[in-house]
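Open the model in your viewer and keep the selection panel at hand. This tour goes from pocket to ligand and on to a further pocket.

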Amino acid sequence: MLTYEQARQEIIDQVRKKDSPRAKVRVTVWEALGFVLAQEVKTDRDYPSFNRSTRDGYAVKAADVAAAATLRCVGEIKAGDTVREALQPGTCVQIMTGAAVPSGADAVVMIEHTQRDGDIVRFDRPARTGQNIVPRGSEARAGQTILTPGARLGYAELALAAQVGAVELQCAKKPRVAILSTGDEVALVDKTPGEFQIRNSNSVSLAAQVRIAGGEPVVLGNAADDLDELAAKIELGLNEDVLVLSGGVSMGKYDLVETALKEVGTEFYFDAVAIRPGKPAVFGMCRGVPVFGLPGNPVSTMVTFELFVAPAIDLLSGAEARPLPLLEARLGEAMQEKPGLAHFLPARVEWLDGVPVVKALKWQGSGDVAALARSNCFLVIGAERENISAGETVFVLLRKDVI
Ligand code: AMP
Ligand code: MG
């Protein structure tokens, strides 16, 4: 049985092999959050485009303030002012943060280090050449590539694109991810279920996870535990870029998903992973489409999506697979787990005296959505661990939607 790291690597290897051309869309910087860039972005000019003061103070020639000194202030420069005149030796000019430093000046002295009397300014300490000035072109040169295809567009990347005037960006079209739940007991979320039915919460959580992962969910509804119906709905799912099924992959008599996937020609790369919850997860490729059979217990579905489906969506968007958002934390309470499988337990991490401390939440097992809705992370317990003492360092997998 593969470890979860091996299973992730297998998915990454298989999905990477499939190098089909990706459709592109033009998206404005206002809408492009979470898209993956499919073009280069170059600067339109030097950044900064002038020598910029980073402080409110006085622009001086450093040589004039080699020690404590007195200079005559000859004017004022605000951010945005046009600056053409050079600073004359023996004088200074008042300058604001973000304003252009005049030629002839090579240092800005913070206002806090000066005293002013009329137009005479006293400097109480020596100035260093270049201090409090960001030189023209030091952040980027004109025509320099600052973003490359495959870059994930977060707020900083979007700000950078906006800064250089690239307000419309060529992006990879988001991969379409078909979501198919299975099970005779599964009822639509907007219908009142029968006493022994359950609502299709997995379709909702999976659609949300797909969006967060950078995909576009295509919810196909539910298939009964019936081979023909499963095969027909799987066929629909194979029209999309990825197919994710929930339920029907365990050992029960009516767990038919693997059989149905086999019938339509899926080649499997694993059909179990050494994790709890989520052990029966399967992954295969069918006609070039990555196919995931995730166990139907809601927490298993959520965990296996984060571990296995998210990296496939990354790669199909033209980005690298993002590493898992793992954080080291101090275990708040001693724990005992059966060794053999890596555990991903609903937990909360809180910062106590500046240190992340994690505690597992009480739960009723992998059907307990209520426990997961109180969590902000999964506590990760390595497969070889059995008794873990309070205070030990452990990993947590952050829930990137709530933390
Ligand atoms: P399965 O993986 O099909 O054996 O299902 C495991 C458990 O998850 C059962 O208790 C199911 O009722 C439940 N389950 C299956 N599919 C869903 C779904 N779409 N939404 C919520 N719970 C589900
Ligand atoms: Mg089932």
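In the classes used here, Ala, Val, Leu, Ile, Met, Phe, Trp, Tyr, Cys and Pro count as nonpolar, Asp, Glu, Lys and Arg as charged, and the others, Gly among them, as polar. Keep in mind that this is a predicted model.

**Stop one: the largest pocket.** Select G247, P295, G296, N297 and P298. Of the 31 lining residues, these lie nearest the centre of the largest pocket. Its volume is about 490 Å³. By class, the lining holds 15 polar, ten nonpolar and six charged residues. Now colour β13, β15, α3, β19 (275-276) and α6 (298-316): each gives the lining at least two residues.

**Stop two: ligand 1.** Stay in the largest pocket, where ligand 1 sits. Show the 17 residues around ligand 1; E185, I198, N200, G248 and G296 are the closest. This shell has ten polar, four nonpolar and three charged residues.

Next, take the side chain of N200, with an N or O atom 2.8 Å from a ligand 1 nitrogen. Then pick the backbone of G296, where an N or O atom lies 2.8 Å from a ligand 1 oxygen. The protein buries 79% of the 490 Å² that ligand 1 exposes when taken alone.

**Stop three: the second largest pocket.** Its volume is about 410 Å³. Select L33, G34, R211, I212 and R322, the closest to its centre among 14 lining residues. α3 and β16 (216-223) each supply at least two residues of this lining. Its classes are six charged, four polar and four nonpolar.

How values were computed
Residues are numbered from 1 along each chain as its sequence is written. Chains are lettered from A and ligands numbered from 1 in the order in which they are written. This is a predicted model: local features need pLDDT of at least 70, side-chain atom pairs count only at pLDDT 80 or more; totals for chains, interfaces and linings use all residues. Side-chain values use heavy atoms; hydrogens and water are left out. A residue is near a molecule or strand if one of its heavy atoms lies within 4 Å of it. A polar contact is a pair of N or O atoms within 3.5 Å; within protein, one must be able to donate a hydrogen and the other to accept it, and residues adjacent in sequence count only if both atoms are side-chain atoms. Accessible areas come from the Shrake-Rupley method with a 1.4 Å probe; for residues, only the protein chains shown count as cover. On a 1 Å grid over the protein atoms alone, a cavity is a set of points where a 1.4 Å probe fits but cannot get out, and a pocket is an open set with protein on both sides within 12 Å along at least five of seven lines; lining residues have an atom within 4 Å of a point. A molecule sits in a cavity or pocket if more than half of its atoms lie within 2 Å of its grid points. Grid points are joined across faces, edges and corners, and a volume is the space filled by probe spheres set on the points. Helices (H or I, at least four residues) and strands (E, at least two) are DSSP runs, numbered from the N terminus.
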